[in-house]
Amino acid sequence: MAKGTKRKNRDRDKEEEKVADGVEQLSHREVEEKDKDNRNVEGGVEEKILDEIPIVEFAGIPVQPAKQDTKRRVTFILERASLEVAKVGKALLTVLDSPLNKAGRLHSLYVQTERNVLIQISPQIRIPRTFKRFNNLMLQLLQKLSVRASNGPDKVLRTVKNPVTNYLPANCRRIGLSRSAPRVVNLRDYVNAASDDEHLVFVVGAMAHGKINVDYIDDFISVSEFPLSAACCIGRICNAVEQKWKIL
């Protein structure tokens with residue numbers, strides 16, 4: 001391997017360690033303050049700044065227009081994310097760039113980190129496509145606990161209180177995906193068989209190894225005989241739902 005490539009890899013590892021350290025500091029601070037003043041993210045906690053984390057300030061993240069309708073939509077939850085931004089960023093871009101989202105059929109998107117920090121992401125956000133900018137965006141979120149759109153007052157990225165089930169729609173079907181699930185299904189057939197009266201919530205593991213282990217899952221399935229990355233798994237889900245709803 002060339003010296004330049006090795007140096008780039010070392011720099012990248014250092015940047016990812018900064019993000020992981022920031023998450024750890026944030027989660028520890030949340031535990032300590034859990035019983036203080038009954039504050040929430042919308043109130044005083046949002047003004048809290050973790051000065052020890054270096055940051056490049058963003059002027060805001062632009063919001064892209066999305067086609068809205070009253071038809072059924074889906075929700076994605078990325079579980080056990082370690083905020084290794086190259087991996088999580090790719091998974092987020094897969095769903096945000098999908099025709100499913102551009103057709104206005106993505107209801108909500110959440111990231112649950114291994115440090116138990118819950119992040120809510122607006123379907124209209126434009127995620128930075130370079131490693132450095134995405135890294136700085138995550139650091140800004142960890143410091144200020146929210147990021148506003150540059151062209152409006154809406155918060156396109158914010159941390160919210162656990163558990164994630166507090167934010168899921170009524171009459172939803174929570175589907176966990178893992179290679180270790182007891183049964184392998186044809187995802188297209190599975191989605192087509194789902195009732196139109198159910199709001200589908202797909203829970204995908206965003207960790208490098210292991211499996212999701214949460215108690216709010218209604219159905220636990222595998223969509224391949226082989227291990228898949230979170231981005232690949234999300235791509236399959238989006239494609240299956242797009243075909244069911246005839247989104248081209």
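Colleague: Where does Asn 171 have its place?
Modeller: This is a predicted model, where local features need pLDDT of at least 70, side-chain atom pairs count only at pLDDT 80 or more, and totals for chains, interfaces and linings use all residues. Residues are numbered from 1 along each chain as its sequence is written, and side-chain values use heavy atoms, with hydrogens and water left out. Helices (H or I, at least four residues) and strands (E, at least two) are DSSP runs, numbered from the N terminus. On that numbering, Asn 171 falls in the loop between strand 5 and strand 6.

Colleague: Is Asn 171 buried or exposed?
Modeller: Its backbone is worth a look too: Asn 171 is not a glycine, yet has a positive phi of about 55 degrees. The scale is relative accessible area, with buried under 20%, exposed over 50% and partly exposed in between (1.4 Å probe, protein chains only). At 52% relative accessibility, Asn 171 counts as exposed.

Colleague: What is the geometry of the peptide bond from Asn 162 to Pro 163, cis or trans?
Modeller: Pro 163 is found in the loop between strand 5 (155-160) and strand 6 (172-177). Omega for the bond from Asn 162 is near 0 degrees, which makes it cis.

Colleague: And Leu 145, is that one buried or exposed?
Modeller: Leu 145 sits in the loop between helix 4 (131-144) and strand 4 (146-148). Phi there is positive, near 70 degrees, in a residue other than glycine. With a relative accessible area of 4%, Leu 145 is buried.

Colleague: Which residue of strand 7 is the bridge partner of Ile 77?
Modeller: Seven of the eight residues of strand 1 (residues 74-81) are buried, so strand 1 is largely enclosed by the rest of the structure. Two strands pair if DSSP finds at least two bridges between them; six join strand 1 to strand 2 (residues 106-113), running parallel, with Phe 76 partnered by Leu 109. Strand 1 also pairs with strand 7 (residues 199-205) in the parallel sense, over five bridges. There, the partner of Ile 77 is Val 203.

Colleague: How far apart are the end C-alpha atoms of helix 6?
Modeller: The expected span of a helix is 1.5 Å times one less than its number of residues. Helix 6 has 15 residues, so it should span 21 Å, and the model agrees: its end C-alpha atoms are apart by 21 Å.

Colleague: Which residues does Ala 231 touch, leaving out those up to four places away in sequence?
Modeller: Ala 231 lies in helix 6 (residues 230-244) and is buried, with a relative accessible area of 12%. A contact means heavy atoms within 4.5 Å. On that rule, Ala 231 touches Lys 90, Ala 91 and Thr 94.

Colleague: How many disulfides does the count come to?
Modeller: A disulfide here is a pair of cysteine sulfur atoms within 2.5 Å. Cys 233 is buried at 7% relative accessibility, but its sulfur is 7.3 Å from the closest cysteine sulfur, in Cys 232, which is too far for a bond. The disulfide count comes to zero.

Colleague: Which residues line the largest cavity?
Modeller: A cavity is a set of points, on a 1 Å grid over the protein atoms alone, where a 1.4 Å probe fits but cannot get out; lining residues have an atom within 4 Å of a point. Points are joined across faces, edges and corners, and volume is the space filled by probe spheres set on them. The count comes to two cavities of 30 Å³ or more, and the largest holds about 50 Å³. Lining the largest are Arg 72, Ala 194, Ser 195, Asp 196, Glu 198, Leu 200, Lys 244 and Trp 245.

Definitions and conventions: On a 1 Å grid over the protein atoms alone, a cavity is a set of points where a 1.4 Å probe fits but cannot get out, and a pocket is an open set with protein on both sides within 12 Å along at least five of seven lines; lining residues have an atom within 4 Å of a point.
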